[in-house]
Amino acid sequence: MTQDFRSGFAALVGRPNVGKSTLLNALVGEKLSIVTPRPQTTRHRIVGIANLPAAQIAFVDTPGLHNHAGRALNRAMNRTAATALEDADLVVLVVEALKWTADDDLVLARIVKSSRPAIVAVNKVDQARPRDRLLPYIADLAKRHEFLAIVPVSALKSHNIEDLKQTIARELPQAPAMFLDGERTDRSIEFRIAEQIREKLILELNQEVPYGIAVEVERMAEEDGQLAVDAAIWVDREGQKPIVIGAKGERLKRVGTSARLALNETLGRRLHLTLWVKVRENWADNARALRQLGLE
Ligand code: GDP
Ligand code: MG
């Protein structure tokens, strides 16, 4: 039995917004990575573990690889994605059904250069129209590279996710499990809390969300049977503070409430959350600040 066991890292890579994080959550069956309609929501490498009867898959969510890597934060995100790709036992190229862009070309070039074995997850098939273009689209993909498999899925609707998991497991090396039973992620509770707050911030701020926004849990303690959390929301200019706080603090309050409700659910317990908005000038261009926030 143990000889047939397979395990390894499967990196989900692709351009921004194709649904990598939604797919990670669907594959693992738990919300580990935050999701918003905005590109470049994911900034870190996030591992999510799935246990099958004869395999353990460590999925790696990554920031979207893209061409317009101007600022230090963007370059760091591209580096994070590229490193995860090169370290993977198997690469899962995530694309959006019926679409192929210059950034998809960039991702494919990285895969080719890495010589890692690769499969494709064709995501968002639920919204692919007209549907009869799906088969020709898949045939075109097959011509672009020697992919081991091409699997259409919908991460949002959880369609064909089991099939994708089986396909990935089959292509992993024979090896014993790397993570303990019950381990779901390599990320700390503090990280998950900070990310959940960042998701609610992005959703609340919508078009106004500053590029340089980050969240850091500064204190976590047991208080009166609740988990008390103080978190700092970092902006990179004084002028962004009022945008985040909103008139009479309404906006920050809404962010706090929705983050707290989501976290009560993820953590399965009540939470007392206090948010502070703080300014660190130009942190998104500052290598030391990026390191402090775990972004390097
Ligand atoms: P990432 O940037 O590649 O990690 O993409 P996200 O997982 O953050 O998703 C980006 C957007 O695409 C979000 O609005 C998701 O709800 C949406 N999305 C993800 N997967 C699907 C899918 O299978 N179908 C549809 N219709 N939307 C999806
Ligand atoms: Mg993402």
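A polar contact is a pair of N or O atoms within 3.5 Å. In this predicted model, Ser21 meets that cut-off, because a polar atom of its side chain lies 3.0 Å from an oxygen atom of ligand 1.

Two further residues make contacts of this kind with the ligand. Lys124 also uses its side chain, from which a polar atom is 3.0 Å away from a ligand oxygen. Asn17 instead uses its backbone, where a polar atom lies 2.9 Å from an oxygen atom of ligand 1. Taken on its own, ligand 1 has 580 Å² of accessible area, and the protein covers 89% of that area.

The surroundings of the ligand can be described next.

The overall fold remains. The protein chain has nine helices and nine strands. Along the principal axes, its C-alpha atoms fill a box of roughly 55 × 45 × 35 Å. The chain has 296 residues, and a compact globule with that number of residues would have a radius of gyration near 19 Å; the 20 Å of the protein chain therefore agrees with a compact globule.

Note on methods: Residues numbered from 1 in each chain as written. Chains lettered and ligands numbered in written order. Predicted model: local features only at pLDDT ≥ 70, side-chain atom pairs only at ≥ 80, totals over all residues. Heavy atoms only, no water. Polar contact = N/O pair within 3.5 Å; in protein donor to acceptor, adjacent residues only side chain to side chain. Areas by Shrake-Rupley, 256 points an atom, 1.4 Å probe, with all protein chains shown as cover. Helix = DSSP H or I, 4+ residues; strand = E, 2+ residues; numbered from the N terminus. Rg over C-alpha atoms; globule rule 2.2 N^0.38 Å.
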